[in-house]
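Please open the model in your viewer and keep the selection tool at hand.

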Amino acid sequence: MRQPLVMGNWKLNGTKASVEALVKALVEPAAKAEGVEVAVCPPVIFLGLVEKLTEGTRIQYGAQNADVHTAGAFTGENSPVMLKEFGCKYALVGHSERRTLHAETDAVVAAKYEAIQQNGLVPVLCIGETLAQFEANETKAVVETQLKAVIDHSGIDSFANAVIAYEPVWAIGTGKTATPEIAQSVHAHIRAYLAGFSADVAAKVQILYGGSVTGATAAELFGQADIDGGLVGGASLKPEDFAQIIAGAKQ
Ligand code: PEP
């Protein structure tokens, strides 16, 4: 049985006051969602604050990005060692905004995935196709290529300690959610593809759906056989919506 996981990606949003209000508002919904893991990924500058605010709660947290290096002359970066010191459990890697806006290739994503994992964090590997690729019926080939880059680099067994987030790029921040049927068919394909390398790892790995999930769409999406929760952007900044999404993961 895979534990459902609902993770908020706050992207480049927040102030000290709004972070405090948001975390405080999530304490009770997280406490009530027995069996569901709840996590948030704030901008790194708020990690110290989130560390304090989440103490003694059921809320876990992670970073939205990590550098491939652990230390050195890399101005502006944050190392996985630092993220670990600030209590992060997770780090996103390969988010489509990093792939497109920061030119992160599959090779860079694979190297970061390894650095995150080797330094004691759980990588949340984001994969997914663009609208053009979706329309050209290339979804399955795209996710396979993105997964293969990591499998080649770190091995299939690395997924025993990782999370996958399937996020169709055309659904991120657009208000267009993949239908539960489309999402389930891609999730099932991802699991079947991984099973070709290890049936055991494939059966156990959590595969989250991401892309305009809201309180209204969460329960049906998360009710699909191969969808183990969600990675949530916009709606994770709205406490009531995010609480409904968390509740939707409690099947
Ligand atoms: C995301 O950025 O990971 C995401 C899924 O965003 P949104 O929920 O806003 O589409």
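How many residues does helix α5 have, and how far does α5 reach from its first C-alpha to its last? Select residues 106–118: helix α5 has 13 residues and reaches 18 Å between those two atoms. This is close to the 18 Å expected at 1.5 Å a residue, the expected span being 1.5 Å times one less than the number of residues. Helices (H or I, at least four residues) and strands (E, at least two) are DSSP runs, numbered from the N terminus.

Before the next stop, two remarks on conventions are in order. Residues are numbered from 1 along each chain as its sequence is written, and side-chain values use heavy atoms, with hydrogens and water left out. The model is predicted: local features need pLDDT of at least 70, side-chain atom pairs count only at pLDDT 80 or more, and totals for chains, interfaces and linings use all residues.

**Around α5**

Within α5, select V109, A110, K112, Y113, A115, I116 and Q117, which are its buried residues. Buried means under 20% relative accessible area, exposed over 50% and partly exposed in between (1.4 Å probe, protein chains only). Just after α5, G120 takes a positive phi of about 90°.

**Two loop residues**

Most residues other than glycine have a negative phi. Select N137, in the loop between α6 (131–135) and α7; its phi is positive, near 60°. N137 is exposed, with a relative accessible area of 72%. Proceed to S212, in the loop between β7 (206–210) and α10 (218–222). The phi of S212 is also positive, near 55°, but S212 is buried, with a relative accessible area of 18%.

**The ligand**

Finally, display distances from the ligand's oxygen atoms. An N or O atom in the side chain of H95 is 2.8 Å from one such atom, and a polar backbone atom of G173 is 2.6 Å from a ligand oxygen. At G233, a backbone N or O atom lies 2.8 Å from an oxygen of the ligand. Taken alone, the ligand exposes 290 Å², of which the protein buries 96% (Shrake-Rupley method, 1.4 Å probe).

Conventions: Polar contact = N/O pair within 3.5 Å; in protein donor to acceptor, adjacent residues only side chain to side chain.
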